[in-house]
Amino acid sequence: MDQFMTDEQRMVRDTARRLSEDVIAPAAARIDRQDAFPRDIYMALAELGLFGVALPEEAGGAGLNAQTACLVMEEIARGSGAVGNAFAIPVEAVLFLNHHGSEQHKALIPGLLDGSVISATAVTEPDCGSDVAAMTTTARRDGDDYVISGSKAWVTFGQIADVVIVFAKTDPAAGAKGISCILVETDRDGVYRGKSEELLGMHGLAECVITFDSVRVPAGNLIGPEGGAFKMAMENFNFSRLMMSSMALGMAQAGMEDAIAYAHDRKQFGKPIFEHQAIQFMIADMAKDIAAARLLIQHAARLYDAGQPIALEAAQAKLFTTDMAQVHISNALQIHGGNGYSQEYRVERLFRDVRLSQIYEGTNQIQRMIIARQVGKKYA
Ligand SMILES: Cc1cc2nc3c(=O)[nH]c(=O)nc-3n(C[C@H](O)[C@H](O)[C@H](O)COP(=O)(O)OP(=O)(O)OC[C@H]3O[C@@H](n4cnc5c(N)ncnc54)[C@H](O)[C@@H]3O)c2cc1C
């Protein structure tokens, strides 16, 4: 990609790469073991101005674009998938608020950029995941307020967030067209957070259930038009899927690098295992799919930056990248033999962390449905 980058993009990518190699990668095992939010690393990302990488300069960002955000994400996730996941939250939140928010909402952006304010986004519920329109959390208008009632599940940063961007029904009879988006400060009466979920991987991100028990917020906390949030969420997924694709790509790259280093080092049958063709073929397939994924992501990001619709391209990038990352990280583990199954080696953590990428931001079954719908329309 280097020859196609501007000097500024290269500089930002290199900054992220240095932080990832010098600070994030060395901390990744500790973050995984302790399963505690790595505030020190989060603040290091904020101090470098990386949360505003895709935000226009006039809004306080770096004035770059989605393409650059993807490059930065790949570097960060190469050091730690969990830190990559953490990085995505403020990057997406500032873009969302800048795009849809009022001046009151935009006042949160500087705090999100410098790390002093932490946000979370709550769409999923205990009984509603892929079928977003089936959510049951309500936001009832009462005079100058909304009163929010319901439970949200799996909220990343739920335990530590200062504000939550909550999707709730203002008109339960209207299905998807009755969903609105409301900012809820977590210190309000009636906000209850569950215990941190104990997860297979991606440790340190403080996921929990949040229950809203008749939480009263001013009507000014509504983001975007009443009833317009389903469309806002779907549009937002286009960008967030690129971020998740880049996160899986960074992890796949790390897995390939580890597999190659190990295969050169480890000798069996009198030669480095790299010289056995079965190992070379696994590595060749990794290299080929990683390169293809990078192109899919960058293509979709370029279209996004040009203001084009990318529902198809984002779904293709997400599906291809996360599936290939899962397969090739598993093969990287295989190349490590018994050592791959040990926590002594990074590939064991990559194997656990990458699994999530096939599940959230729309499961890969949902990505296939989107792709089929899009090409079905196009070539009918
Ligand atoms: C670690 C973690 C962090 C998360 N962070 C957040 C967050 O910050 N905010 C948030 O709102 N959510 C978050 N989520 C939730 C995540 O987005 C959902 O888990 C995801 O959308 C899937 O929903 P579900 O788990 O309810 O699965 P379900 O929707 O119940 O799906 C179960 C299975 O059925 C399949 N399926 C469902 N419908 C269909 C269909 N029509 N056709 C074929 N197959 C189908 C799915 O692909 C899946 O395999 C997080 C989840 C995890 C695990």
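**Domains and how they meet**

Reply: UniProt, in an unreviewed entry, puts the feature "domain: Acyl-CoA dehydrogenase/oxidase C-terminal" at residues 230-375. UniProt positions are given here in the numbering used for this chain, feature names are shortened, and annotations may be inferred rather than shown by experiment. This is a predicted model, where local features need pLDDT of at least 70 and side-chain atom pairs count only at pLDDT 80 or more, while totals for chains, interfaces and linings use all residues. Residues are numbered from 1 along each chain as its sequence is written, and side-chain values use heavy atoms, with hydrogens and water left out.

Me: What's the helix and strand content of residues 230-375?

Reply: That stretch is 76% helix and 3% strand. Helices (H or I, at least four residues) and strands (E, at least two) are DSSP runs, numbered from the N terminus.

Me: And what does UniProt put at residues 120-215?

Reply: The unreviewed entry lists "domain: Acyl-CoA oxidase/dehydrogenase middle" there. Residues 120-215 are 0% helix and 46% strand, with end C-alpha atoms 17 Å apart.

Me: OK, how is the chain divided into domains?

Reply: Domain 1 covers 2-118, domain 2 covers 120-226 and domain 3 covers 230-379. Those bounds come from an automatic or database domain assignment.

Me: How far apart are the C-alpha centres of domain 1 and domain 3?

Reply: They lie 20 Å apart. The contact (heavy atoms within 4.5 Å) takes 26 residues from domain 1 and 30 residues from domain 3.

Me: How much area is buried between domain 1 and domain 3?

Reply: About 2300 Å², and carbon and sulfur atoms give 59% of that. Buried area is the accessible area (1.4 Å probe) that two parts lose on being put together, summed over both.

Me: How many salt bridges are there between domain 1 and domain 3?

Reply: Three. A salt bridge is a side-chain nitrogen of Lys or Arg within 4 Å of a carboxyl oxygen of Asp or Glu. The side chains of Asp32 and Arg352 meet in a salt bridge, at 2.7 Å from N to O.
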